[in-house]
Amino acid sequence: MIPLSLGEIAAVVGGRVEGDSAVTVTAPAVLDGRQAEPGGLFVAFAGEHADGHDHAAQAGQAGAVAVLGSRPTALPTVVVEDAKAALQALAAHVVARLREGLTVVGVTGSRGKTSTKDLLTAVLSSAAPTIATTGSLNNELGVPLTMLRSRADTRFLVLEMGIRRIGDLARLTDLVAPDIGVVLNVGQAHLGHLKSRAAIARAKSELVQGLAPGGTAVLNADDHRVAAMRSLTDRPALTFGRSEQADVRVLDVVLDRLARPSFTLRTAATRAPVTLPLVGTHQALNASAAAAVGLAAGVSLDAAAVALPTVALSKWRLELRDLACGATLLDDSFNADPDSTRAALDALAAIEGKRRIAVLGEMLELGDGSEAAHRAIGEYAAVRADVVVAVGSRPLADGAGERAVAPADNAAAVQWLRGRLAAGDVVLVKASRGARLDEVAAALASGPRDVLVDRPMDDR
């Protein structure tokens, strides 16, 4: 964060300072006081079950020098009526101060946002200092927190942007209009709120319509709902995908025995080979999106191809781990919808192993079609796995038929797996965040000899 005194912050957000107004914030803002850094700002919210203001002293012990909240605290505090609005106003101010030398990239889509953001961060950081969303902090609080991590030397700011309802992206682009806006796909996530893919497409299109003057839209040529967004802006557009019409095209995808893709990226002017340390054919498409953004930002295709394999992927996204029993864990437990679950099952089927075991839980926010969607995924899983462990979902188990095991909860799933996993097995763990199947993955990976898979990329 750029240095700002509490007096300056109060003037920006329309608050008053309780304490020393000369105290200067020099480190990022946080919502969890335990994560505060020396010189940081703790943003306190009074919730239904907990009041962040009560943890100001703890934040101070971790390094925070001040609080932004709705009442005075043990630390110097900028007191405001609405802490969320103040956080957003402060973030908008900081980015506006830096905007002349800063390129802002917004990334949205029903699936693949975080992986693409990670790939994009690898591409852009190879060219200049880059700040990007940590994990999936992509909502009305996460986006301003990322914005506030910008520094004077930051040249690229990569913001993952999520939605739940129509208008969410418009509000985010009101905070900061991206110079480059990436729309990855329109899937089934959020059908429970938005009811139809047409409505989801409308919500996602707000990113394209909210671009900064002179901005560029980067669109998936393989998704007709996304490709149609080109008509919603008079800004330049670049496309990516496998389609012949894509400006950055994916060709000749080959998987190694751990389902890691090698492929060629081609533009009208050149082509470049890429080998990723990530699991799944779909990561080639995400890489083409990142390369297209790189071109819009002035990073050559050759430079992007060199940078892409250096990606550091966020936790719980098709993360490979060798288990002490000799099995391989594929941890994709962060979130799930039908499309991303099919992609994960395809990756499971492509990995060499003796038995393939799919541990699947509920996919949330699918609306009226939820039961049918779960049954269809069960059927899909039964073709790609030897055993389908359907945790807490009768429709999943019904769809998988004779290949299904149906433990009632996570603890029962862990007990069943621990008694049966053997050397050479490959086990996928996948569900929506609310199902907490990360607990299952963590329990399986709790042995002292478990290590992240780091095998040579030429081991095919």
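Author: Start with a contact between two helices. Asp168, Leu169, Ala170 and Thr173 in α6 meet Ala203, Lys204, Glu206 and Leu207 in α8. By class, this contact of α6 with α8 has 4 nonpolar, 1 polar and 3 charged residues. Keep in mind that this is a predicted model.

Reader: How are the axes of α6 and α8 placed?

Author: Two packed helices are described by the angle between their axes and the distance between the axes. Here the axes of α6 (residues 168-175) and α8 (residues 197-209) come within 7 Å and cross at roughly 15°. Angles under 35 degrees count as roughly parallel, and α6 is therefore roughly parallel to α8. The crossing of α6 and α8 is right-handed.

Reader: Which strands does α8 lie across?

Author: Helix α8 lies across β8, β11 and β12 (216-220), and it runs at about 160° to β11.

Reader: How should I read the sheet that holds these strands?

Author: Strands of a sheet pair through backbone hydrogen bonds, either parallel or antiparallel. In this case 9 strands make an open sheet in the order β9-β10-β8-β11-β12-β13-β14-β15-β16, and the pairing is mixed. The edges are β9 (130-132) and β16 (271-275); each has a single partner strand, so one side of each is left without a neighbour in the sheet. On average, neighbouring strands of this sheet are turned by 15° against each other, direction ignored.

Reader: With which strand does β8 share 5 bridges?

Author: Those bridges join β8 to β10 (residues 156-160), and the two strands run parallel. Valine 104 stands opposite leucine 157 in β10. Strand β8 also pairs with β11 (residues 180-183), in the parallel sense, over 4 bridges. In that pairing, glycine 106 stands opposite glycine 181 in β11.

Reader: How many residues of β8 are buried?

Author: In a regular strand the side chains alternate between the two faces of the sheet. As for burial, 5 of the 6 residues of β8 (residues 103-108) are buried, so the strand is mostly covered.

Reader: What joins β13 to β14?

Author: There are 2 bridges between β13 (residues 237-241) and β14, and these strands run parallel. Glycine 241 stands opposite arginine 249 in β14. Threonine 239 also lies in strand β13.

Reader: Is threonine 239 buried or exposed?

Author: A residue counts as buried under 20% relative accessible area. Threonine 239 has 9%, so it is buried. Leaving aside its neighbours within four places in sequence, threonine 239 is in contact with Leu219, Ala221, Arg230, Gln245, Ala246, Asp247 and Val248.

Reader: Last, the backbone angles. What is the phi of alanine 259?

Author: Alanine 259 has a positive phi of about 65°, although it is not a glycine. The residue sits in the loop between β14 (248-255) and β15 (261-266). With a relative accessible area of 0%, alanine 259 is buried.

Reader: Where is tryptophan 316 placed?

Author: Tryptophan 316 is in the loop between α11 (301-307) and β17 (319-322). The phi of tryptophan 316 is near 65°, a positive value in a residue other than glycine.

Notes: Residues are numbered from 1 along each chain as its sequence is written. This is a predicted model: local features need pLDDT of at least 70, side-chain atom pairs count only at pLDDT 80 or more; totals for chains, interfaces and linings use all residues. Side-chain values use heavy atoms; hydrogens and water are left out. Buried means under 20% relative accessible area, exposed over 50%, partly exposed in between (1.4 Å probe, protein chains only). Two strands pair if DSSP finds at least two bridges between them. Axes are lines fitted to C-alpha atoms, for helices over the stretch in contact, and angles run from 0 to 180 degrees between N-to-C directions. Angles under 35 degrees count as roughly parallel, over 145 as roughly antiparallel, 65 to 115 as roughly perpendicular and the rest as oblique. A crossing is left-handed if the near helix is turned anticlockwise from the far one by less than a right angle, and right-handed if clockwise. Contact means heavy atoms within 4.5 Å. Ala, Val, Leu, Ile, Met, Phe, Trp, Tyr, Cys and Pro count as nonpolar, Asp, Glu, Lys and Arg as charged, and the others, Gly among them, as polar.
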